[in-house]
Amino acid sequence: MSSIAFEVRGKLAEVRLNRPAVLNAINAEMDRALVQAWARIDSDPDIRVAILTGAGDRAFCAGADMADPPAGEDGLSFGGGLTGIGGRLVPLQKPLIAVVHGHVLGLGFEMAMCADILIAADDTQFRLPEARAGVIDHCGVVHRAIRQLPHHVAMAMIIASEPLDAARALHFGLVNETAPMADLAATTERWTQKILACAPLVSQGGKQAALLGLDHGLNAALDRRYPLIDAYAATADCAEAASAWKERRTPKWQGR
């Protein structure tokens, strides 16, 4: 059985972590498979949205597989925008929706935080087990947690392995929406359709600018030029946006 399942359905690509017997823990094979999946998604202009899920009922991802941990020796990343163990930062250009449930631990939590839209089942428990287990390495997850959560909430997770349930994650703005497991597919479809209704190159350009701008102060971010935004003016979709506005009709996006 492959460590991930990859499926393209029209404009949508789904990446499913597929090691449910070990709670979808990330091993070296899954690490390599994931980086190949992200590369394929970004290189295919017909794919407009990526969805990341986890197989099984118990966990989205239990973090690194301690029996076969991904070493990052090839400079691989665990997901879109993730810095893996010794790995390089690989931002995913396409919008990414992560749909999580059950245990979301360590590197699994980091992958979830890399998403642009994060949907959590009611039973979700986010946790950083490193302090309790006595294991730590480059630990990119702590840098994301301290940026995406209130300071003391993140620090409780980092230094005391305090869990964070779905309701509190929604309260703190870590997730966009929570839903019962039975409604998770419908919730995901609704968010997918929201993104697909938008101009894909504008969504991608906006994502690039927003994330690159975070590396600078506001004045510097405003002064920068962003490649995807600059390139958009010469695209068919830019022309289509103008035509649709003049003709008072819904635009038909091509992603080109």
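Modeller: Buried means under 20% relative accessible area, exposed means over 50%, and partly exposed lies in between, with a 1.4 Å probe and protein chains only. The model is predicted, so local features need pLDDT of at least 70 and side-chain atom pairs count only at pLDDT 80 or more, while totals for chains, interfaces and linings use all residues. Residues are numbered from 1 along each chain as its sequence is written, and side-chain values use heavy atoms, with hydrogens and water left out.

Biologist: What percentage of the residues of the protein count as buried?

Modeller: The protein has 256 residues. Judged by the limit of under 20% relative accessible area, the share of them that counts as buried is 48%.

Biologist: How many helices and strands does the secondary structure hold?

Modeller: Helices (H or I, at least four residues) and strands (E, at least two) are DSSP runs, numbered from the N terminus. Counted in this way, the protein comes to 11 helices and 10 strands.

Biologist: Why is the protein said to be as compact as a globular protein of its length, and what is its radius of gyration?

Modeller: The radius of gyration is taken over C-alpha atoms, and the globule rule is 2.2 Å times the number of residues to the power 0.38. For 256 residues the rule gives 18 Å, and the protein is close to this value, so it is as compact as a globular protein of that length; its radius of gyration is 19 Å.

Biologist: Among contacts between residues at least 6 apart in sequence, what percentage join residues at least 24 apart?

Modeller: Contact means heavy atoms within 4.5 Å. Among the contacts between residues at least 6 apart in sequence, the share that joins residues at least 24 apart is 63%.

Biologist: Is Asn27 buried or exposed?

Modeller: Asn27 is found in the loop between strand 2 (12-17) and helix 1 (28-43). Not counting residues up to four places away in sequence, it touches Arg19, Asp65, Asp68 and Pro70. Its relative accessible area is 6%, so Asn27 is buried.

Biologist: What is the distance from the backbone nitrogen of Met30 to a polar atom of the side chain of Asn27?

Modeller: Met30 lies in helix 1 and is buried, with a relative accessible area of 0%. Its backbone nitrogen and a polar atom of the side chain of Asn27 are separated by 2.9 Å.

Biologist: How far apart are the C-alpha atoms of Met30 and Pro70?

Modeller: Along the chain, Met30 and Pro70 are 40 residues apart.

Biologist: Which residues of helix 4 are buried?

Modeller: Helix 4 covers residues 140-148. What covers its buried residues includes helix 2 (107-113), helix 3 (130-133) and helix 5 (151-160). The buried residues are Gly140, Val141, Val142 and Ala145.

Biologist: Is Ser161 buried or exposed?

Modeller: Ser161 is found in the loop between helix 5 and strand 9 (164-165). Its phi is near 55 degrees, a positive value in a residue other than glycine. With a relative accessible area of 1%, Ser161 is buried.

Biologist: Is Arg248 buried or exposed?

Modeller: Arg248 lies in the segment after helix 11 (236-247). It has a positive phi of about 55 degrees although it is not a glycine. Its relative accessible area is 62%, so Arg248 is exposed.

Terms used: Polar contact = N/O pair within 3.5 Å; in protein donor to acceptor, adjacent residues only side chain to side chain.
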